Amino acid sequence: MESLELELQYSFRNKELLSEAMNHSSYANEHRKGLGSNERLEFLGDSILGFVSAEYLFKRHADLPEGDLTRMRAALVCEQSLYEVAKELRLGQYLHLGKGEEAGGGRERQSILADAVEAVFAAVYLDGGIDEARRLIERALLSRAPACEERRDYKTTLQEVVQRRSGQALTYHMVSQSGPDHNKKFLFEVRLNDEPVGQGEGRSKKEAEQAAARDALEHMPQ
């Protein structure tokens, strides 16, 4: 784990915390009774990340209302952003996975890697306190804030455009899915009053819905 500590730029006093942060539930279930998975750390890390990112945006954007700050935080801490952090930290190579998850490509699975990032944030917090956790989160994630803040929530924007006229209804429908479990692609369609107005593809259902909304906005007068 020393190489992972170098990636994190943090040295653990309690090495077991970092090891537990790398324990996927599939690994814990296959090994000795009482071995902890990273699910509890992920739970704590999610809250720590929410607080630190909210504090960061609150200070950075003193003129913005709550709604805008909420949308910006959602873009900043979304699964895709955490996945990108995991890839940069090379967390996949340090994960402890069960045999089935290993064979299924778990080391590249976006949700597993994103969860592991939150678990690492919690492990650093428990080992070194909130200041150390904040430093890691700022370095690994918040440094990319300007790019994340520019990401549009296309579904919300499309909904706002549609609501300018009464009696309009937007719905999202999965058209197809393809690929192995560890690398699935989803194709979604967005419909306005049951009429198709856009399509989009993504590696998750949420990503595909956003892509469909973006496609609709590109072809819809605003």
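These legends describe close-up views of a predicted model.

**View 1. Helices H4 and H8 cross in this predicted model.** Helix H4 covers residues 39-60 and helix H8 covers residues 110-128. Their axes come within 7 Å and cross at roughly 80°. Angles of 65 to 115 degrees count as roughly perpendicular, so H4 is roughly perpendicular to H8. On the H4 side, the residues in contact are Leu 41, Glu 42, Leu 44, Gly 45, Asp 46, Ile 48 and Leu 49. On the H8 side they are Asp 115, Glu 118, Ala 119, Phe 121, Ala 122, Ala 123, Tyr 125 and Leu 126. By class, the residues of this contact divide into 10 nonpolar, 1 polar and 4 charged.

**View 2. Three strands make an open sheet.** The strand order is E1-E2-E3, and the pairing is antiparallel. Strand E1 (170-178) and strand E3 (195-202) are the edge strands, each pairing on one side only. Neighbouring strands are turned by 20° against each other on average, with direction ignored. Strands of a sheet pair through backbone hydrogen bonds, either parallel or antiparallel.

**View 3. E1 pairs with E2.** The two strands are joined in the antiparallel sense over 8 bridges. Tyr 172 stands opposite Val 190 in E2, and His 173 stands opposite Glu 189 in E2. E1 and E2 form a hairpin, with 6 residues between them. Within that turn, Gly 179 has a positive phi of about 95°.

**View 4. E2 pairs with E3.** Strand E2 spans residues 185-192 and is joined to E3 by 7 bridges, the two running antiparallel. Phe 186 has Gly 202 in E3 as its bridge partner. For Leu 187 the bridge partner in E3 is Glu 201, and for Val 190 it is Gly 198. Val 190 also stands opposite Tyr 172. These strands, too, form a hairpin, here with 2 residues between E2 and E3. Asn 193 lies in the turn and has a positive phi of about 55°.

**View 5. Helices H11 and H12 lie against the strands.** Helix H11 (residues 154-162) lies across E1 and E2. Its direction runs at about 145° to E1. Helix H12 (residues 205-218) packs on the sheet and touches E1, E2 and E3. The direction of H12 makes about 135° with that of E3.

**View 6. The second largest pocket has a lining of 13 residues.** Its volume is about 320 Å³. Nearest the centre of the pocket lie Arg 109, Gln 110, His 182, Lys 184 and Arg 203. Helix H6 (79-89) and H8 are the elements that give two or more residues to the lining. By class, the lining of this pocket has 2 nonpolar, 5 polar and 6 charged residues. H8 also meets H4, through residues including Phe 121 and Leu 126 of H8.

Notes: Residues are numbered from 1 along each chain as its sequence is written. This is a predicted model: local features need pLDDT of at least 70, side-chain atom pairs count only at pLDDT 80 or more; totals for chains, interfaces and linings use all residues. Side-chain values use heavy atoms; hydrogens and water are left out. Axes are lines fitted to C-alpha atoms, for helices over the stretch in contact, and angles run from 0 to 180 degrees between N-to-C directions. Helices (H or I, at least four residues) and strands (E, at least two) are DSSP runs, numbered from the N terminus. Angles under 35 degrees count as roughly parallel, over 145 as roughly antiparallel, 65 to 115 as roughly perpendicular and the rest as oblique. Contact means heavy atoms within 4.5 Å. Ala, Val, Leu, Ile, Met, Phe, Trp, Tyr, Cys and Pro count as nonpolar, Asp, Glu, Lys and Arg as charged, and the others, Gly among them, as polar. Two strands pair if DSSP finds at least two bridges between them. On a 1 Å grid over the protein atoms alone, a cavity is a set of points where a 1.4 Å probe fits but cannot get out, and a pocket is an open set with protein on both sides within 12 Å along at least five of seven lines; lining residues have an atom within 4 Å of a point. Grid points are joined across faces, edges and corners, and a volume is the space filled by probe spheres set on the points.
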